[in-house]
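Please examine the sequence and the model before reading the solutions.

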Amino acid sequence: VSVPSVPGFSCMEQAADNDGGMEEKFMYQTFEMELAGRTLKVDIGRVGKQANGCAFMHYGDTVVLSTATASEKPRDGIDFFPLSVEYEEKMYAVGKIPGGFNKREGKASENAILTSRVIDRPMRPLFPKDYRNDVTLNNMVMSVDPACRPELVAMLGAAIATCISDIPFDGPCAMTQMGLVNGMFVVNPSQEEWKNGDLNLTVASTREKVIMIEAGANEVPEAKMIEAIYKAHEINQTIIAFIDKIVAETGKPKHTYTSCAIPEEMFEEIRRLVPPEEMEVAVFTDDKQIREENIRNITAKLEEAFAEKEDGEQNDENRRGKLEHNGISGGGQLVGDGKKDVGAADGQRPHQHPQVHFGPVAGQFKVQSDHHQSDGGAPPVDGHAAPGDHLDAQSPDAVQHSGQEHAQRSSLTR
């Protein structure tokens, strides 16, 4: 993997004639690097100019439009970061017309949902913890080259669009996929190599470390897996250097935002109301119902305490509601921190089992004649399975399938 000494260049295109016969000229920048024997090309400023950040990605003949947008103000009444990641794949990207089970393209496919999660997982922790503005990362697959999987292109596009935007982000991050075919590593494998190889590994990295690993393997030795992770991390560093040069030339200054962090003085008040000893007793108990009841009692205690405090100062419903919300959010964070701190100190989990512990596994067959059973979310699970062969599998409509499996099934069942 190499990055050219001249990482990008500006190019000019002429748009179609306007009504007045005048030709409009606009500029955009294109950056290129060689990645796994193929050219990764990124167009900045070509489309999506109303988005906070937009990267028009080309890898081989695969084209993905990635955008990053954020609201101007934080969302009220939440204690989490409202990040939404979308991966849109339509059948037109491979020149197909929807058919079979679904004539119309409606909800996202399972592959699209899983791809969105893989993009979300490494990027979410890199946003500020006190950031509450709505952020949407959208990745639309425009064209698919079977040799260049669009999922990888979307992962890189989302990272680049966010890095060059004005959205606060502690990036860059990069992702690489590794395959194993005939004992040899394949960087960013094709769809066929990904499907038939012995390793499906996705590694996300920052400059400092690996931040996400997702893998499936056909009994690959541990040493081989570790080697693949290190190789992917090294490649990620070259991609990060490439992103750095894009940001240096096209990046926007990060905007300021309203911090929604819980005030430190409120944390101190919460710690006074609920000492660590009380928190430890409440959290570390064997019985799940008792543990949840203890946490509910602590939450109610904090809500009452902060509501009374605010009533004594002023009778402003908005201010009171905000104070109650911050108190409960801070209490929830304190409960989580208590679980982590005490667990790290003595190696125990909330149910008092060691951190490395596998409970007994047992199964019974044909326990009931009914088709449904619920135990209210407790550990027992009732699962049903019916035997079948490969002809019983539904052929999905997705951009990575050619439809040959469906045709084969139809010919065999005639």
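**Exercise 1.** Determine which residues Thr162 is in contact with, leaving aside its neighbours within four places in sequence, and decide whether Thr162 is buried or exposed.

*Solution.* The model is a predicted one. Step two is to list its partners beyond four places in sequence: Ala68, Met123, Phe127, Leu137, Ile167, Phe169 and Lys254 are in contact with Thr162. Step three is the classification. The relative accessible area of Thr162 is 0%, and buried means under 20%, so Thr162 is buried.

**Exercise 2.** Describe how helix 2 packs against helix 4 (residues 222–250), giving the distance and angle between their axes.

*Solution.* Two packed helices are described by the angle between their axes and the distance between the axes. Here the axes of helix 2 and helix 4 come within 9 Å and cross at roughly 35°. The crossing of these two helices is right-handed. Next, the residues that meet are identified: helix 2 contributes Leu156, Ile160, Cys163 and Ile164, while helix 4 contributes Ile239, Ile243, Ile246, Val247 and Thr250. By class, the residues of this contact are eight nonpolar, one polar and no charged.

**Exercise 3.** State how many cavities of 30 Å³ or more a search of the whole structure finds, and characterise the lining of the largest cavity.

*Solution.* The search finds one such cavity. The volume of the largest cavity is about 30 Å³. Its lining consists of Tyr59, Cys148, Arg149, Leu152, Gln177, Asn188 and Pro189. Sorted by class, the lining comprises four nonpolar, two polar and one charged residues.

Methods:
Residues are numbered from 1 along each chain as its sequence is written. This is a predicted model: local features need pLDDT of at least 70, side-chain atom pairs count only at pLDDT 80 or more; totals for chains, interfaces and linings use all residues. Side-chain values use heavy atoms; hydrogens and water are left out. On a 1 Å grid over the protein atoms alone, a cavity is a set of points where a 1.4 Å probe fits but cannot get out, and a pocket is an open set with protein on both sides within 12 Å along at least five of seven lines; lining residues have an atom within 4 Å of a point. Grid points are joined across faces, edges and corners, and a volume is the space filled by probe spheres set on the points. Ala, Val, Leu, Ile, Met, Phe, Trp, Tyr, Cys and Pro count as nonpolar, Asp, Glu, Lys and Arg as charged, and the others, Gly among them, as polar. Buried means under 20% relative accessible area, exposed over 50%, partly exposed in between (1.4 Å probe, protein chains only). Contact means heavy atoms within 4.5 Å. Axes are lines fitted to C-alpha atoms, for helices over the stretch in contact, and angles run from 0 to 180 degrees between N-to-C directions. Helices (H or I, at least four residues) and strands (E, at least two) are DSSP runs, numbered from the N terminus. A crossing is left-handed if the near helix is turned anticlockwise from the far one by less than a right angle, and right-handed if clockwise.
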